[in-house]
Amino acid sequence: MAFFGNQFSDVVEWDEFREDMIFWKWTNQEIKKGSRLIIRPGQDAIFLNNGKIEGVFEDDGEYDIESEIVPFLSTLKGFRFGFNSGMRVEVLFVNTKEFVVRWGTKNPINIPAPGLPGGMPIRANGTFQFKVNDYVGFIDKIAGIRDSYLVDEVKIRLTAVLDQLLMKWITKEGKNMFNLQANAHEIGRGILDDLNMEMMDDGMKVTGFQIMSFNYPQEIQDMINKNASIGMVGDVSKYQQISVADAMGKSSGSNTASDMAGMMMGMNIAKEMMDGQKESSSQNQPAEGNSDSQAASDSGIAPNFCPNCGQKNEGAKFCPNCGQKLA
């Protein structure tokens with residue numbers, strides 16, 4: 001409970017409103033007879049007495065405190081204004097909007113990756129949204145001991161734990177270390193749940209968490225871009241040799257982790273292409289029944305049976321039954 005002076009106020013309103021302020025506490029004044037309360041759109045007014053909520057008023061507008069507010073206060077509804085004395089009470093104005101905050105990792109996060117002893121260094125950025133949703137918890141943990149609270153203070157608190165949460169959920173949901181964006185929704189959903197656990201006791205809720213992009217070191221990003229054009233390479237074995245040789249050639253003056261990553265990517269993609277070629281080749285093989293006839297036809301020798309009607313042939317160049325050319 002703050003100390004109040006002898007100055008009385010005719011109007012109770014949010015004097016220091018700013019878009020990035022989560023709440024502001026009206027203090028150090030007393031409310032006298034005839035005072036009015038002004039609630040602007042996007043604000044709630046909470047009357048406090050000795051740190052306890054007396055009443056919450058959510059509809060914007062202008063109110064006569066004695067006739068329209070006091071009758072609804074929990075323990076002060078019997079209070080009657082005197083002409084020379086005021087009601088000693090605090091009014092907490094809360095910004096009810098959903099705040100949008102941009103975030104980004106300050107340092108690379110080394111995500112464990114097979115074949116990379118030091119891990120894969122990754123940065124990320126995006127946005128998250130939050131709002132006040134529980135006035136009791138909010139007043140108990142924050143507003144009860146402060147006069148105002150800014151969005152930047154929430155951002156500092158949440159970004160302090162984001163590195164650990166990103167590592168946790170990338171490890172869980174990052175199916176492809178070189179294309180984490182494909183699993184960004186699942187990773188973000190896990191982080192959102194953990195952030196809500198962090199904020200729950202303070203009366204605030206994280207309503208959304210988005211990952212806009214994952215950023216790799218330049219060497220690895222260049223290799224990803226290079227591998228994106230793999231479809232233009234015809235000789236798979238040659239591509240594999242070039243990728244490995246290229247990575248080995250740069251190893252003396254570049255980052256070992258990025259070189260190993262490049263080798264892994266090249267070999268994996270080459271293997272996938274070779275497997276695809278094998279599958280395509282097996283699908284395009286001619287039917288077993290026609291293989292002998294096709295081979296004979298290609299060599300210029302007439303087959304023993306007509307491939308069109310099945311009639312036995314004695315060396316003729318045309319089928320005696322259907323006239324099909326045999327050689």
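# Reading the predicted model

In the protein, confidence is highest in strand S8 (residues 99-104), at 96, and lowest in helix H8 (residues 288-299), at a mean of 51. This is a predicted model: local features need pLDDT of at least 70, side-chain atom pairs count only at pLDDT 80 or more, and totals for chains, interfaces and linings use all residues. Residues are numbered from 1 along each chain as its sequence is written, and side-chain values use heavy atoms, with hydrogens and water left out.

Me: What does pLDDT say about the protein?
Reply: pLDDT is the predictor's confidence in each residue, from 0 to 100. The protein averages 79, and 70% of the residues score at least 70. Over residues 1-7 the value stays under 50. Where pLDDT is low, the predicted coordinates should not be read in detail.

Me: Why is the pair of Trp14 and Phe17 called edge-to-face?
Reply: Rings of Phe, Tyr and Trp (its six-membered ring) pair if their centres lie within 6.5 Å; planes under 30 degrees apart count as stacked, over 60 as edge-to-face and the rest as tilted. The structure holds eight aromatic pairs. In the pair of Trp14 and Phe17, the centres are 4.9 Å apart and the planes stand at 85 degrees, so it is edge-to-face. Ring pairs also link Trp14, Phe17, Trp24 and Phe93 into a cluster.

Me: Why is strand S7 called largely enclosed?
Reply: Six of the six residues of S7 (residues 90-95) are buried, so the rest of the structure largely encloses it. Glu90, Leu92 and Val94 point one way, while Val91, Phe93 and Asn95 point the other way. In a regular strand the side chains alternate between the two faces of the sheet.

Me: What makes Lys172 sit over the ring of Trp169?
Reply: The rule asks for NZ of Lys or CZ of Arg within 6 Å of the ring centre and within 35 degrees of the ring normal. The charged end of Lys172 is 4.6 Å from the centre, and it is listed as sitting over the ring.

Me: Why is Ile187 called buried, and which residues does Ile187 contact?
Reply: Ile187 belongs to helix H4 (residues 184-199). Its relative accessibility is 0%, so it counts as buried. Contact means heavy atoms within 4.5 Å. Leaving aside neighbours within four places in sequence, the contacts of Ile187 include Trp169, Glu173, Ile211 and Phe214. The C-alpha atoms of Ile187 and Glu173 are separated by 5.8 Å, though the two are 14 residues apart along the chain.

Me: Is Thr105 buried or exposed?
Reply: Thr105 has a relative accessible area of 11%, so it is buried. Thr105 lies in the loop between S8 and strand S9 (109-113).

Terms used: Helices (H or I, at least four residues) and strands (E, at least two) are DSSP runs, numbered from the N terminus. Buried means under 20% relative accessible area, exposed over 50%, partly exposed in between (1.4 Å probe, protein chains only).
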